Amino acid sequence: MPIQILMPALSPTMTEGKLAKWLKNEGDPVQSGDVLAEIETDKATMEVEAVDEGVLGKILVAEGTEGVAVNAPIALLLEEGEASSTLEVATPAQPPAVAPPGPASTAAPRPLVSAPAAAAQVPAAKSSGERIFASPLAKRMASQAGLDLTQISGSGPHGRIVKADIEAAITAGVGQAAAAAAQPVAAPNAPAALAEPGAAFIEVPNSTVRKVIAQRLSASKREIPHYYLTIDCNLDALLELREKLNGRAPSGDKSYKLSVNDFVVRAVALALRAYPGANSSWTDEAIRLYQTVDVCVAVAAPNGLITPVVRGADNKGLVAISNEVRALAKRAREGKLMPEEYQGGGFTISNLGMFGIREFAAIINPPQSCLLSVGAAEKRPIVKDGALAVATMMSCTLSADHRSVDGAKGAEFLDVFKKLIEDPLTMLL
Amino acid sequence: MAETSFDVIVIGTGPGGYVAAIRAAQLGMKSAVVERKHLGGICLNWGCIPTKALLRTAEIYETMKHASDFGISIKGIDFDIKKVVERSRRVAAQLNGGVAHLLRKNKVTVFDGNGRLNGPGKVAVEKDGKAVADLAAKHIVLATGARARSLPGLEPDGKLVWTYMEAMIPENMPKSLLVVGSGAIGIEFASFYRSLGAEVTVAEILDRVLPVEDDEISALARKAFEKQGMSIHTSTTVKALKRAADSVTATLEGGGKTWDVTVDRVILAVGIVGNLEGCGLEGTRVKVEKSHIVIDEWCRTGEPGVYAIGDVVGPPWLAHKASHEGIICIEKIAGLAGVHPLDTTRIPGCTYSRPQVASVGLTEKAARERGHEVKVGRFPFIGNGKAIALGEPEGMVKTVFDAKTGELLGAHMVGAEVTELIQGYGVAKTLETTEAELMHSVFPHPTLSEMMHESVLDAYGRAVHF
């Protein structure tokens, strides 16, 4: 029997994913450890490695298919000497109903063969499970005439449905019976076809990452009673210290270049150790206080926001934090983070200072209770010893979940944080 | 004794006939051809190929005349018409030998002589009035081609009034020419002789040159020809020809005026008539209309077992159409599945004048007349980097889409190298792509083909570079 290759769970929370790309073709020999496919999970693109050796006999889930359930068979591997004829038997009789959310109309399980379903396109699968070959023009004409391509036989090369077949079907009324079934399909799934006339637009399909961002942040803003506290920190001492430390950076691979953000991460980590209430999650039964200080740093990756974690940040020095954040951010932008690098964390820092944002109030990264929005370091007039003076100031806003962290407690946390930032030598203790 | 019984006999070995015979042999049929003159027919010996050799000379000559535009100085540019013709003949001879080889390789028996239907399933071959062979076949394909049409009073004489045949092998370079008819053949000769310096007058009975092409393309081509110094008269007929010792005076009539033009030579290019004589059609049920054989969609004539393909049947009269008909005819005889009748809207047409003209499918006017609501895209050569770099900034790519379905109904081009571009749209039409697939196709930069992309984009208001 051929070996079934199953959709792997790449993280504990993963229930489904997108089969982004096949790196092996049917008929390719496979060694243990070869990368078979790339899976796009809710946060990143992961590689699926082969466990067994053999020949990739049959691909069951076409690349580009979204919403493939964990443990659904995605391919069949033939062991050495196994004939490809065994594939037919091995193909699951009841393919799991995890077909792409295309315009499927029937409740019957459909095989995972369809390409990403474009809006207003007719289902690309016959009821028997065969892929339908039709010319682009034939597809469009069928769609416009409300015809079901599965009811039409093709006269083109290898049975391809061509324009003449659609014209004949329209004349003969073939496929119209199925039109009733096909119509509701077109409606909900084809917003483009229903667009108001006039306004021109293009539609960018939502990536898995984008959908997750939308779902999680909507839930966060909807369910978490946010409140916001802003505090101004004087950075003069910190900048001076930073300059001194950077001036002592050795050359070579021990080199470092500390950023203000590295100090912020360190200060948050120490403040969380001193004030664990902000390192928490609300659940209906209890407030969960984390026993390790794992700080997430929001990174704008090309395909969306991601929050890699600096674990045990309170036990890491500035250089260690600096190097780690830099490496995580780089991999995040390349979409190469491993799940353990972005899952979990008890507190998130979001820094838009580099864009000159003075202050902002970000949405809490659930299930965490608090998030610190860090603004730009800028020279501002301040009152010092009863006189006007100029100092480099940075505004930070804490977004907090009122269910787990009351306002006064949030303020206490910020106070600890501010003291560390303004007296940075205490950070080095 | 040579074999005389075959599955298929093809009479004529032009691009229709020899292709049909080879396809039959490929499908395991015992196949033979009968050829009275040249293997490869007119196309290869007296048509498409030798004229392309001549036009290549004209193109090189033109380019050299403009060498200074490209920073090259050439002095004393000249040509020898005899050597120009010699080259053209050498090219034809080489390909003629190629066809002989292809037929031999595919084990197609070749009979030298005139083939004639000789009763059901029989073909008689005669050479110089003597019977050479009596052949039998279940299927007989007439692929006898066509020849230049003649008009009363304008009959070609081979000396002063030429057909394409004489125009292809001039002994001396005429100083002036009248070309009667502005279809592809007429315009190619007009272009060739004009490039080599002859004074060229073109008389066309219809209201525009290249009348099968899209209106706009015709107009642009005419403008280019006139800029080169051609004198073009549309809606004009030739009333009479007065032949002197070494010149001809033609009386032209058009726009309510009559006038005389005196030229060294006249080229008659007013269409073709099918080669029906001596085919033995008498007493058969083969139907003839306007000098061409009537066939059904599978190239069957009214006589069972007798088929006809190519120029001897209806238009378009193009070599590649003949070849394709030959394939369809033979595959249908062989009972192959998936054979489709010829769709003439998928047959590209090319004219190798300067500028070149190429098209496939419906003109904008024809599309509207057929009831299509259309979207039309246009892109000019002046907007294309490669065209500018080549020094060929004149021309246009026009596309016609069905507004409702996005079907590519037609594509029409005028300008440098468009004959090599048109097949992109030909494939698109055969694959039934819509505008979406064409827009999604990536065209290489910098190429003339980018204009094909832009023209499609323009039809939907999205052209980027103009």
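Which residue in strand 4 of chain A is the bridge partner of Lys18(A)? The partner is Glu40(A). The points below place that pair in its surroundings.

1. Basis of the model. This is a predicted model, in which local features need pLDDT of at least 70, side-chain atom pairs count only at pLDDT 80 or more, and totals for chains, interfaces and linings use all residues. Residues are numbered from 1 along each chain as its sequence is written, while chains are lettered from A and ligands numbered from 1 in the order in which they are written.

2. Strands 2, 4 and 5 of chain A. Strand 2 (residues 16-22) and strand 4 (residues 35-40) of chain A run antiparallel and are joined by 4 bridges. Strand 4 of chain A also runs antiparallel to strand 5 (residues 45-49) of chain A, with 5 bridges between them. In this second pairing, Val35(A) stands opposite Glu49(A). Two strands pair if DSSP finds at least two bridges between them.

3. Chain A as a whole. Chain A has 10 helices and 18 strands. These are DSSP runs numbered from the N terminus (helices: H or I, at least four residues; strands: E, at least two). Of the 429 residues in chain A, 37% are buried. A residue is buried if 20 or more other C-beta atoms lie within 10 Å of its own, exposed if 12 or fewer, and partly exposed in between, with C-beta atoms placed from the backbone. Among contacts in chain A between residues at least 6 apart in sequence, 61% join residues at least 24 apart. A contact requires C-beta atoms, placed from the backbone, to lie within 7 Å.

4. Helices 7 and 8 of chain A. The axes of helix 7 (residues 260-274) and helix 8 (residues 318-333) of chain A come within 9 Å and cross at roughly 115 degrees. That makes helix 7 of chain A roughly perpendicular to helix 8 of chain A; the class covers 65 to 115 degrees, with under 35 roughly parallel, over 145 roughly antiparallel and the rest oblique. Axes are lines fitted to C-alpha atoms, for helices over the stretch in contact, and angles run from 0 to 180 degrees between N-to-C directions. From helix 7 of chain A, Asp262(A), Phe263(A), Val265(A) and Arg266(A) meet Leu318(A), Ile321(A), Ser322(A) and Val325(A) in helix 8 of chain A. The residues of this contact divide into 5 nonpolar, 1 polar and 2 charged. Here Ala, Val, Leu, Ile, Met, Phe, Trp, Tyr, Cys and Pro count as nonpolar, Asp, Glu, Lys and Arg as charged, and the others, Gly among them, as polar.

5. Where chain A touches chain B. In this model 10 residues of chain A are in contact with 10 residues of chain B. Helix 2 (residues 136-145) of chain A gives the most to the chain A side, with 6 residues. That side divides into 6 nonpolar, 2 polar and 2 charged residues. Helix 2 of chain A is mostly covered, with 8 of its 10 residues buried; among them are Pro136(A), Leu137(A) and Met141(A). After helix 2 of chain A comes Gly146(A), with a positive phi near 65 degrees.

6. Chain B. The secondary structure of chain B comes to 13 helices and 24 strands, and 48% of its 466 residues count as buried. Thr344(B) lies in the loop between helix 8 (319-333) and strand 20 (349-351) of chain B. Thr344(B) counts as exposed because it has 12 C-beta neighbours inside 10 Å. The C-alpha atoms of Thr344(B) and Pro315(B) are separated by 8.9 Å, although the two residues are 29 apart along the chain.

Notes. Two residues are in contact if their C-beta atoms, placed from the backbone, lie within 7 Å.
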